[in-house]
Amino acid sequence: MRRLLTALAAVSIAASVLPVAAEAQQRQRQRGSSGQQADGSDNAPSTRAPRIAPLRRRANAGPCPFVKVLYDAARYVELEGGRAAIANVGYTGEIEGVSADCEYREADPIRLDMDILFQLGRGAQATEDQKTYRYWVAVTERNSAVLAKEYFDLPVKFDGSRTASVHEQRTIIIPRAEATTSGGNFEVLIGFDVTPEMAEFNRSGSRFRVNAGAAQASAPSQ
C-alpha cells in the first residue's frame, strides 16, 4: 500500500512539473522571436555573411590547361634603325600578367576565360597618340605541337600620356576528343605579334620599360 502511494505521489509531482517546464520553454521561444534576451535587452538576428560562400561553379572533370606568356613574345619594342637607344624607341608593350579559369564537365569542350593585363608605352619615335597592337593566343598539346593559333587586335589610345594599361578579356573554346581527355593535356600560350628582330631582342634579355622616352627612362638592361 505504501509503495502504491509513493508511486502516485511521483506521478502527481511529474504532472505538475511538466506544464511549468513547457510554459517556460514557450516563454523563452516568444522572447527569442520578439528579438529580446531574457533580461529584456535587444537580440536582433545576426546579419553576418555565412562563413562558407557558395561555390561559383561545379567541379570540373579535370584540371585546367596551363596558361603562360611566351618569353620571346612577352614584350613589344619598336627600335628606329634597329639600334637599342632610348632616342630610337617607338611604341612599346609588355604582357604584365594573365589570370585564367576554366570549366568543363562530362564530354563538354573546355571553356577557358582569361584576363590579360597589357602595359603599353610611347617612346621618342612614336608619332601618334594611338596604336593598334597585335597579339595571339595559341593552344598546344602539352610541350608539343600547336593545335590552333588566333590573332587579335588591341587598339590603344594614350590620351596624351606616355603609358597606358589595358585589361583584355578573352574566352576560347578547346574541343576534347573524348570525355576522359583532361585539360592538363593542353597548354595555352600568349604573346605579341613580333618581328624576328624583336624576338631576338627579347631573347637576349635586353628591354626598355614601357615609359621609354620619358624624362626618367633608363637604358636597356642586359
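**Reading the pocket, the sheet and the loops**

Modeller: Let us start with the pocket: strand β6 gives five residues to the lining of the largest pocket, the largest share of any element. Please keep in mind that this is a predicted model.

Colleague: How does one find such a space, and how much space lies in the largest pocket?

Modeller: The general idea is that rolling a probe the size of a water molecule over the atoms shows where empty space is left. Here, the largest pocket holds about 180 Å³ of space. Its lining has 14 residues, and those closest to the centre are V139, A148, I172, I173 and I174. Two or more lining residues come from each of β5 (130–141), β6 (146–157) and β7 (163–174).

Colleague: Let me step back to the whole chain. How many helices and strands does the chain have?

Modeller: There are two helices and eight strands. The chain has 222 residues, of which 31% are buried. Contacts also tell us how the chain folds back on itself: of those with a separation of 6 or more, 69% are between residues 24 or more positions apart.

Colleague: Over how many bridges do β3 and β4 pair?

Modeller: Strand β3 (residues 89–103) and strand β4 (residues 110–122) pair over 12 bridges, in the antiparallel sense. Two places to look are V98, opposite I116 in β4, and I95, which stands opposite F118 in β4. On the β2 side, four bridges join antiparallel strands β2 and β3, and R75 has E94 in β3 as its bridge partner.

Colleague: What lies between β3 and β4 in their hairpin?

Modeller: Six residues lie between the two strands, and E106 in that turn has a positive phi of about 50°. As background, most residues other than glycine have a negative phi. E106 is not a glycine, yet its phi is positive. With a relative accessible area of 65%, E106 is exposed.

Colleague: Where does D159, with its positive phi, lie?

Modeller: D159 is in the loop between β6 and β7. This residue is not a glycine either, and its phi is about 50°. D159 counts as exposed because its relative accessible area is 65%, over the 50% cut-off.

Colleague: And N88, is that residue buried or exposed?

Modeller: N88 counts as buried because its relative accessibility is 12%, and the cut-off for buried is under 20%. This residue lies in the loop between β2 and β3. Beyond its neighbours within four places in sequence, N88 is in contact with E78, L79, E80, R83 and Q125.

How values were computed
Residues are numbered from 1 along each chain as its sequence is written. This is a predicted model: local features need pLDDT of at least 70, side-chain atom pairs count only at pLDDT 80 or more; totals for chains, interfaces and linings use all residues. Side-chain values use heavy atoms; hydrogens and water are left out. On a 1 Å grid over the protein atoms alone, a cavity is a set of points where a 1.4 Å probe fits but cannot get out, and a pocket is an open set with protein on both sides within 12 Å along at least five of seven lines; lining residues have an atom within 4 Å of a point. Grid points are joined across faces, edges and corners, and a volume is the space filled by probe spheres set on the points. Two strands pair if DSSP finds at least two bridges between them. Buried means under 20% relative accessible area, exposed over 50%, partly exposed in between (1.4 Å probe, protein chains only). Contact means heavy atoms within 4.5 Å.
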